[in-house]
Amino acid sequence: KMAAPALSLCRCPRAVAAARPLHLGPGSWAGHNRWSKVKNVKGPRDAARSRLFQRLGAMLRTAAREGGPDPSLNAQLANVMEQCRARNMPKATIEAAIGSVVGPGGGSGLGEGSGGARPGADGPS
């Protein structure tokens, strides 16, 4: 007599289903590891980029304080702005760093009246 061939399991779906392991516990389902990989790669990269932009922003503020906010008249500021562009620093961030030195009125924040007292605090009246 011949032994039952291995294909006989395929003819009976219940026999195949019974042979599969049953996972009831917390399994690792397909696709659920993606965020941890993104987090572990993107997190350190973004932190390094943030440190770089902070350092470049400080260099921009120093250059604008020393030579003025106009890069055509301030060679050091123009050089730092080129470094920022080479490192893909956003234009809005560059302008904000220079604008923090210039102030909202357009003049430099280093003139008279910038002694640190809050507006309206002239003293006792």
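This is a predicted model: local features need pLDDT of at least 70, side-chain atom pairs count only at pLDDT 80 or more; totals for chains, interfaces and linings use all residues.
View 1. Residues are numbered from 1 along each chain as its sequence is written, and side-chain values use heavy atoms, with hydrogens and water left out. Local features need pLDDT of at least 70 and side-chain atom pairs count only at pLDDT 80 or more, while totals for chains, interfaces and linings use all residues.

**View 2. Packing of α3 against helix α5 (residues 91-102).** The angle is about 40°, and the axes lie 9 Å apart (axes are lines fitted to C-alpha atoms, for helices over the stretch in contact; angles run from 0 to 180 degrees between N-to-C directions). The two helices are therefore oblique to each other (under 35 degrees is roughly parallel, over 145 roughly antiparallel, 65 to 115 roughly perpendicular, the rest oblique).

**View 3. Helix α3 (residues 34-67) with helix α4 (residues 75-86).** Here the angle is about 160° and the axes are 8 Å apart, which makes α3 roughly antiparallel to α4. Leu 56, Met 59, Leu 60, Ala 63, Ala 64 and Glu 66 in α3 meet Gln 76, Leu 77, Val 80, Met 81, Gln 83 and Cys 84 in α4. Nine nonpolar, two polar and one charged residues make up this contact.

**View 4. Salt bridge of Lys 42 with Asp 46.** The closest N and O atoms are 2.7 Å apart (salt bridge: a side-chain nitrogen of Lys or Arg within 4 Å of a carboxyl oxygen of Asp or Glu). Because Lys 42 and Asp 46 are four residues apart in helix α3, about one helical turn separates them. The structure holds two salt bridges.

**View 5. Residues 111-115, where pLDDT stays under 50.** The model has one contact beyond four places in sequence for this stretch. Mean pLDDT of the protein is 78, and 58% of its residues reach 70 or more (pLDDT: the predictor's confidence in each residue, from 0 to 100).

Key:
Contact means heavy atoms within 4.5 Å. Ala, Val, Leu, Ile, Met, Phe, Trp, Tyr, Cys and Pro count as nonpolar, Asp, Glu, Lys and Arg as charged, and the others, Gly among them, as polar.
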